[in-house]
Amino acid sequence: MLRGWKMILLVILSVICLTCAEPEIKIPETHYGDAKVTEAVAANNKALELIEEYWNEYGPKQEYGLIAEMNVDIPMRDGTVLKANIFRPDSEGAFPVIMSMTGYMKDRPWPVPEEHEARPGKYQVWELPNPERWVPWGYVLIRIDTRGSGQSRGLAAPLGGQEADDYHDAIEWAARQPWSNGNVGLSGVSYIAINQWYVAAKQPPSLKAIIPWEGLADQYRDCFFRGGIFSFTFAMFYMGEFMRDYTVRGWPHAQTYDSAANLDIVDFVWNRLDNAFWDDRRADWSKVRVPLYSAGNWNGWIGAGHLRGNLEGFKRAAAKHKKLRVHTGSHQDAYYSEEGFFDQLRFFDYWLKGIDNGIMDEPPVKLAIRQGIDRFDFDWRFENEWPIARTEYRKLYLDASRAGGPGSLSNELPGEESSVTYDAPGGYKEDDNIVIFISEPFGEDTEITGEIKLNLWVSSTIDDMNVHANILIAQPTLHPLLHMWFGEREVVTVGFLSAQHRELDPELSTDSRPYHRHKRLLPLEPGEPTEVQVEIWPTSMVYRKGSRLILAISADHPMMMQGSMVGLYRARHAKDTIHTGGKYSSYLQIPVVPAKKEK
């Protein structure tokens with residue numbers, strides 16, 4: 001009965017995904033950087049000039065056509081055969097390999113939508129590098145369907161140890177082929193970035209470089225249980241996306257549930273704590289030693305859903321040679337942009353071809369410092385480390401003393417104790433069970449870039465309390481009270497915590513970022529104020545003079561699909577309280593970055 005229910009749910013979700021995935025298709029003649037987005041055109045044209053100069057100095061000395069070999073067998077150590085599409089130059093010789101392994105079907109059609117950075121092409125596939133872009137530069141591209149997905153047989157085991165072993169075997173197979181120079185790099189977005197972290201820890205000898213582009217790394221903390229709170233959104237999307245081609249499209253090669261699908265949402269739900277189940281679903285940073293270029297996004301998918309993994313990868317990987325960039329825009333835009341391609345090309349040229357093009361002489365960190373919410377409203381800046389060493393951490397203390405109105409954020413701890421109580425769960429509408437705290441207008445342009453910590457004293461009428469914290473920007477042209485508590489054009493970053501998961505890891509927590517253990521539950525004593533620290537995900541935003549910072553807190557969050565966004569009825573079951581002032585030092589710690597000193 002349970003199994004039948006799960007299959008029905010997957011079919012429904014798959015239909016929803018397909019229904020939502022019908023964008024206006026880009027016409028090949030319009031190329032890319034559609035004229036509707038003039039900023040994209042300008043940015044790509046500028047990058048194309050640099051690429052042309054680079055080609056003249058470092059590019060191939062001959063023109064390569066493209067040979068496409070489809071559904072090539074790649075044997076695994078246990079005898080399972082994975083299917084791969086191989087795109088290589090039509091020339092004798094040995095070339096470096098760029099490999100991608102996907103659970104989203106290597107043959108899945110992807111008509112490039114209007115206003116998207118990607119170039120239309122015969123072999124363009126979602127979240128994978130474009131062979132028509134790379135092969136002329138003298139690279140072999142290999143796309144592989146993961147075990148149990150697409151054209152590959154076997155029992156599906158997505159984003160875990162088995163898949164990492166398969167990836168290892170595929171890398172070494174490719175290195176032995178006559179058209180390979182023995183150097184393999186990995187590239188791809190999202191799923192195709194996540195498994196790069198995992199196979200890198202396996203240390204295949206022929207793996208020379210990886211570019212995990214917007215790829216989380218710790219499936220417990222980064223997606224399924226952010227702050228210990230189950231993410232309905234990610235679980236349903238992941239299950240539906242992975243299975244939809246089998247449940248809806250009915251492809252001829254589709255396998256049966258019994259022979260192919262080793263994916264059970266119940267496993268993810270029941271493993272509420274960080275245990276052995278999740279050990280197989282996170283990167284072992286001590287073993288990630290290959291040169292890496294970690295590419296994150298302040299925006300991206302489901303509220304910068306992959307950013308944490310990219311930042312952790314750069315900070316904690318044991319690799320001696322590593323770079324970080326954080327950009328803006330939608331999930332795939334920067335990857336397919338000419339600027340993004342140029343960064344990838346120079347990194348792979350250096351590590352796979354041995355071209356000393358200067359990329360490793362540049363500062364290791366490249367950040368898009370946002371001046372506003374708009375995708376192109378930013379300035380690139382290089383830094384020497386992450387978090388930025390010259391950061392000045394500033395505490396904004398919460399004050400809930402204003403009766404009947406929003407709370408405030410101030411530089412001094414309020415002398416008097418006060419509190420604000422709200423129903424939980426909530427957060428369905430702008431005036432529904434949300435508490436907000438508003439700063440005074442910034443007296444000067446203030447850059448906030450880095451890690452953020454929210455320290456709260458909380459209590460509840462029950463033994464747990466979910467905290468969903470949103471940091472917003474209110475522009476000086478608008479009164480902050482007229483803003484919705486949550487909106488695409490206003491949210492800067494978010495954070496999450498179940499109070500029962502408040503226990504910190506003393507080795508990994510820092511003054512700027514709490515790191516929670518998630519090894520046991522610590523129930524609240526009903527009505528008893530308790531101190532918790534919430535990890536707010538890093539961000540970058542320049543708050544202009546006159547703008548305000550808004551902190552919005554609720555027990556529910558539309559991004560987690562726990563409310564009316566999916567039509568679920570949730571009975572109000574508790575009263576949650578935030579305590580401020582006096583002995584209750586509740587504050588938001590923000591990373592203020594001063595301008596670089598002139599040398």
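Which helices each supply at least two residues of the lining of the largest cavity? They are α3 (131–134), α12 (333–336) and α13 (338–353), where helices (H or I, at least four residues) and strands (E, at least two) are DSSP runs numbered from the N terminus. This is a predicted model, in which local features need pLDDT of at least 70 and side-chain atom pairs count only at pLDDT 80 or more, while totals for chains, interfaces and linings use all residues. Residues are numbered from 1 along each chain as its sequence is written, and side-chain values use heavy atoms, with hydrogens and water left out.

The predictor's confidence in each residue, pLDDT, is given from 0 to 100; its mean over the chain is 85, and 81% of the residues reach 70 or more. Over residues 10–23 the pLDDT is below 50, and beyond near neighbours in sequence this stretch has 21 contacts in the model, a contact being heavy atoms within 4.5 Å. Residues 28–33 also have pLDDT below 50, with 18 contacts beyond near neighbours in sequence.

The structure holds five cavities of 30 Å³ or more. On a 1 Å grid over the protein atoms alone, a cavity is a set of points where a 1.4 Å probe fits but cannot get out, whereas a pocket is an open set with protein on both sides within 12 Å along at least five of seven lines, and lining residues have an atom within 4 Å of a point. Grid points are joined across faces, edges and corners, and a volume is the space filled by probe spheres set on the points.

About 130 Å³ of space lies in the largest cavity, and its lining includes Arg 119, Trp 134, Tyr 335 and Glu 338. Helix α13 gives the most to this lining, with three residues. By class, the lining has six nonpolar, three polar and three charged residues; here Ala, Val, Leu, Ile, Met, Phe, Trp, Tyr, Cys and Pro count as nonpolar, Asp, Glu, Lys and Arg as charged, and the others, Gly among them, as polar.

The second largest cavity holds about 100 Å³ of space, and its lining divides into two nonpolar, three polar and four charged residues. Among the lining residues are Phe 496 and Glu 535, which stand opposite each other, Glu 535 being in strand β20. Phe 496 belongs to β19 and also has His 468 opposite. Strand β19 (residues 491–498) is mostly covered, with eight of its eight residues buried, that is, under 20% relative accessible area, against over 50% for exposed and in between for partly exposed (1.4 Å probe, protein chains only). Seven bridges join β18 (residues 466–474) to β19 in antiparallel fashion, and two bridges join β19 to β20 (residues 530–543), also antiparallel; strands pair if DSSP finds at least two bridges between them.

Turning to the open sites, the second largest pocket contains about 680 Å³ of space. Of the 35 residues that line this pocket, the closest to its centre are Ala 43, Glu 339, Lys 366, Phe 378 and Trp 380. Elements giving two or more residues to the lining include α12 and α13, although α2 gives the most, with eight residues. The lining divides into 17 nonpolar, five polar and 13 charged residues.

Finally, Leu 82 lies in strand β2 (residues 81–89), and counts as buried because its relative accessibility is 0%. Leaving aside neighbours within four places in sequence, Leu 82 is in contact with residues including Val 72, Met 101, Ile 144 and Arg 153. Leu 82 and Arg 153 are 71 residues apart in sequence and 6.5 Å apart in space, C-alpha to C-alpha.
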